[in-house]
Amino acid sequence: MNLKSLLLLSFLLVPSLALAVPTQIPYTGQLTESGSPVNGSRAMTFVIYDAATAGTALYTQAEPAVVVSNGIYHVTLNFDTSVWTGEDRWLGISVNGGAELTPRTKIGSVPYA
């Protein structure tokens, strides 16, 4: 294989890697308790569902110590790419083992656009 062919092959492979769905999605949320911004650490569970209510849980990620400052928290979600089939998906969140917060957040294509 000559250099010209090798370069052409490498250019053809690069776009396919760029089109892959990422495995990490940064997520920022706001958390209040009794109307006041939370400060401190909270255990949080993030679940991807196939419906806005009820539905099937497709993937779960537990974070035992999410730092919350003035009500704002940042996490990196590492959901399996198998949940991204082109169908609508929703993010459910629960805090300290409590009931899931409502409503769920619809996840758009922006995280992997």
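Trainee: Two strands pair if DSSP finds at least two bridges between them, so over how many bridges do strand E7 and E8 pair?
Mentor: In this predicted model, strand E7, which covers residues 89-95, pairs with E8 over three bridges in the antiparallel sense. Within that pairing, arginine 89 stands opposite isoleucine 107 in E8.

Trainee: And what is the order of the strands in the open sheet?
Mentor: Six strands make up the open sheet, in the order E1-E6-E5-E4-E7-E8, with antiparallel pairing. At the edges are strand E1 (25-30) and strand E8 (105-107), each of which pairs on one side only, and from one strand to the next the twist averages 30°.

Trainee: Let me step back to the whole chain: how many helices and strands are there?
Mentor: The chain has one helix and eight strands, and from the N terminus on the elements run α-β-β-β-β-β-β-β-β.

Trainee: What share of the residues counts as buried?
Mentor: Of the 113 residues, 27% count as buried, while the accessible surface of the chain comes to about 7400 Å², with 58% of that belonging to carbon and sulfur atoms. As for contacts between residues at least 6 apart in sequence, 60% join residues that are at least 24 apart.

Trainee: How many bridges join E1 to E6?
Mentor: Six bridges join them, and the two strands run antiparallel; glycine 29 stands opposite tyrosine 73 in E6. With strand E5 (residues 57-69), E6 pairs over two bridges, again in the antiparallel sense, and there serine 69 has isoleucine 72 of E6 as its bridge partner.

Trainee: Which residue takes a positive phi in the hairpin of E5 and E6?
Mentor: Asparagine 70 does, with phi near 55°, in a hairpin that has two residues between the strands.

Trainee: Where is serine 34, the other residue I had marked?
Mentor: Serine 34 lies in the loop between strand E2 (32-33) and strand E3 (36-37), and its phi is near 55°, a positive value in a residue other than glycine. Most residues other than glycine have a negative phi.

Trainee: Is serine 34 buried or exposed?
Mentor: Serine 34 counts as exposed because its relative accessibility is 82%, and the cut-off for exposed is over 50%.

Trainee: What about the loop between E7 and E8: where does asparagine 96 sit?
Mentor: Asparagine 96 is found in that loop, with a positive phi near 50°, and it is partly exposed, at a relative accessible area of 48%. Proline 103 is also found in the loop between E7 and E8, and the peptide bond from threonine 102 to proline 103 is cis, with omega near -5°. Most peptide bonds are trans.

Trainee: Changing topic, which residues lie nearest the centre of the largest pocket?
Mentor: Tyr27, Gln30, Tyr73, Ile93 and Leu101 lie nearest its centre, out of 14 residues that line the pocket. Two or more lining residues come from each of the elements E1 and E7, and the volume of this pocket is about 160 Å³.

Notes. Residues are numbered from 1 along each chain as its sequence is written. This is a predicted model: local features need pLDDT of at least 70, side-chain atom pairs count only at pLDDT 80 or more; totals for chains, interfaces and linings use all residues. Side-chain values use heavy atoms; hydrogens and water are left out. Helices (H or I, at least four residues) and strands (E, at least two) are DSSP runs, numbered from the N terminus. Buried means under 20% relative accessible area, exposed over 50%, partly exposed in between (1.4 Å probe, protein chains only). Contact means heavy atoms within 4.5 Å. Accessible areas come from the Shrake-Rupley method with a 1.4 Å probe; for residues, only the protein chains shown count as cover. Two strands pair if DSSP finds at least two bridges between them. Axes are lines fitted to C-alpha atoms, for helices over the stretch in contact, and angles run from 0 to 180 degrees between N-to-C directions. On a 1 Å grid over the protein atoms alone, a cavity is a set of points where a 1.4 Å probe fits but cannot get out, and a pocket is an open set with protein on both sides within 12 Å along at least five of seven lines; lining residues have an atom within 4 Å of a point. Grid points are joined across faces, edges and corners, and a volume is the space filled by probe spheres set on the points.
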